[in-house]
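Please keep the sequence and the 3D view at hand while reading.

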Amino acid sequence: MKKFLILIFGVALFACSQQKGYKIEVKLDGADGQILLEERGGSQWIAVDTADIVDGVAVLEGEVATPGLYYISVAGQRAKALIFVENTKMTMTGKADSINVASITGSKTHDEYMEIDKKIQAISEEYMGLYQEARTAGASGDTATANALMVKVEELYESTNTLQEDFVKEKTASYVTPYLLSRIQYGKEADELETLVNALDPKLQEVASIVEIKEKITKLKKVAVGEIAPDFAQNDADGNPIKFSDVYSQNELTLVDFWASWCSPCRAENPNVVAVYNQYKDQGFTVFGVSLDRDKTAWLKAIEDDQLTWTHVSDLAYWDNAAAKLYAVSGIPHSILVDKTGKILAKNKRGAELGEVVAEFLNK
């Protein structure tokens, strides 16, 4: 009987000691009012929990279904600290005016994130330093040095993507992996993303960001090279609906160009697109511009300033542009080259390569 009672007492003690949810003690010097715990929902911030600051400490308590990415901030302040929350006791300490570098302990998932984030930050500091050197060299007229430095900058930047992709491939059961995969997905085609997603531990398959990537894969397969481009219609500057199929069916080659007036890389690429258009327009090549603008005046001014003399459409819905969503566009500039039947021939050809590809298909 004595041994039985000791066993029961031990089990009860163990059960009482288990953390059923999360408990985050937040201690930020200079903070007052409330502490907010939020998550990102598309372009919206969704409040998950709030806690009053009492004697310099706020305690956030609740439960998460799985470890995931959240953000902590002081109510009324814009700065936020990224935190991976799991059902355990966590502590956050730091200063209210530098919350983004506050120390967070108690979460194994957050520790995993910090391990790779420190490596990324170290590389980022290095390439930003070289970028500033390149700007200085360029401003002084030393183009050769500036160009050489920018090559190094691009190599270092790409190494941060490689670092994250290696993590995704190696730590297929980590709850940090969905976050990193979401960061490196841009520019990847369906087969690349599908390989990465299929290798993940089954427990990650229903994580929201992975579900979104799966949906993107489905869309990407429909707009892969060799497929018939999905048709759509949007209004031109005068409010007239223009169907994509009506444009490509009247030309040998059509480049559907997703861009925006506020997109610096798009504006930088525009002179090249103009040059290719002017060179091949009489041979059956045209461009169909789809803008992710939301300001009509800015959109039309950019068309005029950059001398983009082809057909343009937009629903002025910014990243909610219906055509961009249909084509799983996650970054601009983004372009797709189709033939007279709407068959997708190539994607995202820029610079000199665009002219080479257009010439190749026109001469077949």
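## The open sheet

Two strands are said to pair if DSSP finds at least two bridges between them. The model discussed here is a predicted one, and in it 4 strands form an open sheet, in the order S3-S2-S5-S6, with antiparallel pairing. The edges of this sheet are strand S3 (44-52) and S6, each of which pairs on one side only, and the twist from one strand to the next averages 35 degrees.

Within the sheet, strand S2 (residues 34-41) and strand S5 (residues 68-74) run antiparallel and are joined by 4 bridges. For Glu38, the bridge partner in S5 is Tyr71.

## A ring pair between strand and helix

A pair of aromatic rings is described by the distance of the centres and the angle of the planes. The structure holds 15 aromatic pairs, and one of them is formed by Phe84 and Tyr113, whose rings are 5.2 Å apart from centre to centre, with 45 degrees between the planes, a tilted arrangement. Because Phe84 belongs to strand S6 (residues 81-85) and Tyr113 to helix H2 (residues 108-139), this pair ties together parts that are 29 residues apart in sequence.

Are these two residues buried or exposed? Residues count as buried under 20% relative accessible area, so Phe84, at 1% relative accessibility, is buried, and Tyr113, with a relative accessible area of 8%, is buried as well.

## Charges over a ring, and a ring cluster

Trp45 has charged side chains over its ring: Arg40 lies over the face of Trp45 at 4.3 Å from the ring centre, and the charged end of Lys80 sits over the ring of Trp45 at 4.5 Å from its centre.

Elsewhere in the list of aromatic residues, Phe232, Phe244, Tyr248, Phe258, Phe288 and Tyr327 are linked into a cluster by ring pairs.

In soluble globular proteins, nonpolar side chains tend to be buried together. The largest nonpolar core of this model has 72 residues, and those with the most contacts inside it are Leu181, Phe244, Phe258, Phe285 and Tyr327. Helix H8 (residues 264-280) gives the most to this core, contributing 6 residues. Another core lies apart from the largest one; this other core has 24 residues, among them Leu28, Ala31, Ala96 and Ala102.

Which residues does Phe285 contact, leaving aside its neighbours within four places in sequence? Phe285 is in contact with Leu253, Leu255, Val276, Tyr277, Tyr280, Leu337, Val358 and Leu362, once those neighbours are left aside.

Technical notes. Residues are numbered from 1 along each chain as its sequence is written. This is a predicted model: local features need pLDDT of at least 70, side-chain atom pairs count only at pLDDT 80 or more; totals for chains, interfaces and linings use all residues. Side-chain values use heavy atoms; hydrogens and water are left out. Rings of Phe, Tyr and Trp (its six-membered ring) pair if their centres lie within 6.5 Å; planes under 30 degrees apart count as stacked, over 60 as edge-to-face and the rest as tilted. Helices (H or I, at least four residues) and strands (E, at least two) are DSSP runs, numbered from the N terminus. Buried means under 20% relative accessible area, exposed over 50%, partly exposed in between (1.4 Å probe, protein chains only). A charge sits over a ring if NZ of Lys or CZ of Arg is within 6 Å of the ring centre and within 35 degrees of the ring normal. Axes are lines fitted to C-alpha atoms, for helices over the stretch in contact, and angles run from 0 to 180 degrees between N-to-C directions. A nonpolar core is a set of buried Ala, Val, Leu, Ile, Met, Phe, Trp, Tyr and Cys residues joined through side-chain atoms within 4.5 Å. Contact means heavy atoms within 4.5 Å.
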